[in-house]
Amino acid sequence: MPEYYSSIGEAVGAAMQHNIRLAHRSVAPGSDKPLQVRHLPGASADPYSVREMIARLNEDATPDEVAGIIEEVNGALVGALPELTELVAAAADWTRARLDFDDPHHNPTFETWTRLAAAYGMLQDVREQLEVAEDGVAACPAERTDPRHHERVNVLRSRELLDDVLGAEAVPAPSSVRSPGSDRQRAARASSPHAGPTPSTGSPPAAAPPPPASRPAGRPR
């Protein structure tokens, strides 16, 4: 079953963890699983994926387009953020079923539940903030202002997605037979912040398809 890196940070972290395991060799030689080369499907495979919405949310997008993207990610029925909120709630409920208060001095499970409950509350607050911000984004000017004004506020986006580094074309899935050495080399190239687009012998990747018409009704404009 294919595995994915959602960001360049995760790719680097996976490579570092693998190198640490190789250095310490906490398990017998030969028992360490070969490092798998993971592939990332292009964002255009799902126009409503978070990565595709990030790709659409560029500085040239119109205010209505950006407000629509925020509405998509925060939508009550199919939004990624409500789904993430419910996932965290489910993890907290799973932990709740394993609580044991018999020992008042030692209760790490309750501490874990507390952290998950706090994360759930923060996600709910994020949803509320985005609901307010959506209308504010729609009211923003369409044209960019003088760059001297931009310098007064820090850039917030700090993580590169693999699509940013490798381009929209997906890295091929690993073949059934590969040597561990070649797998490590491919993973190292994929995790490099300076990696370029994956070479291709065919035609350039096709443009992203238009959003499907069957999408639930979005923000009225």
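The model is a predicted one, in which local features need pLDDT of at least 70, side-chain atom pairs count only at pLDDT 80 or more, and totals for chains, interfaces and linings use all residues. Residues are numbered from 1 along each chain as its sequence is written, and side-chain values use heavy atoms, leaving out hydrogens and water.

Let's start with the overall plan. The protein chain has 8 helices and 0 strands, where helices (H or I, at least four residues) and strands (E, at least two) are DSSP runs numbered from the N terminus. Read from that end, the elements run α-α-α-α-α-α-α-α. Of the 221 residues in the chain, 25% count as buried, that is, under 20% relative accessible area with a 1.4 Å probe, protein chains only.

Now look at helix 5. Two packed helices are described by the angle between their axes and the distance between the axes. Here axes are lines fitted to C-alpha atoms, for helices over the stretch in contact, and angles run from 0 to 180 degrees between N-to-C directions.

Helix 4 (residues 80-96) and helix 5 have axes that come within 9 Å and cross at roughly 160°. These two helices are therefore roughly antiparallel to each other, a label for angles over 145 degrees. Their contact (heavy atoms within 4.5 Å) involves residues including Leu84, Val88 and Ala92 of helix 4 and Trp113, Leu116 and Leu123 of helix 5. The residues of this contact divide into 15 nonpolar, 5 polar and 2 charged. Nonpolar covers Ala, Val, Leu, Ile, Met, Phe, Trp, Tyr, Cys and Pro; charged covers Asp, Glu, Lys and Arg; the others, Gly among them, are polar.

Helix 3 (residues 63-74) also meets helix 5 (residues 108-138): their axes come within 8 Å and cross at roughly 165°. Helix 3 and helix 5 are therefore roughly antiparallel as well. Among the residues making the contact are Val66, Ala67 and Ile70 of helix 3, with Leu130, Glu134 and Val137 of helix 5. This contact divides into 7 nonpolar, 1 polar and 5 charged residues.

Which residues form the largest nonpolar core? The 5 residues are Ala61, Val66, Ala67, Ile70 and Val137. Such a core is a set of buried Ala, Val, Leu, Ile, Met, Phe, Trp, Tyr and Cys residues joined through side-chain atoms within 4.5 Å. Helix 3 gives the largest share of this core, 3 residues.

Terms used
Angles under 35 degrees count as roughly parallel, over 145 as roughly antiparallel, 65 to 115 as roughly perpendicular and the rest as oblique. Buried means under 20% relative accessible area, exposed over 50%, partly exposed in between (1.4 Å probe, protein chains only).
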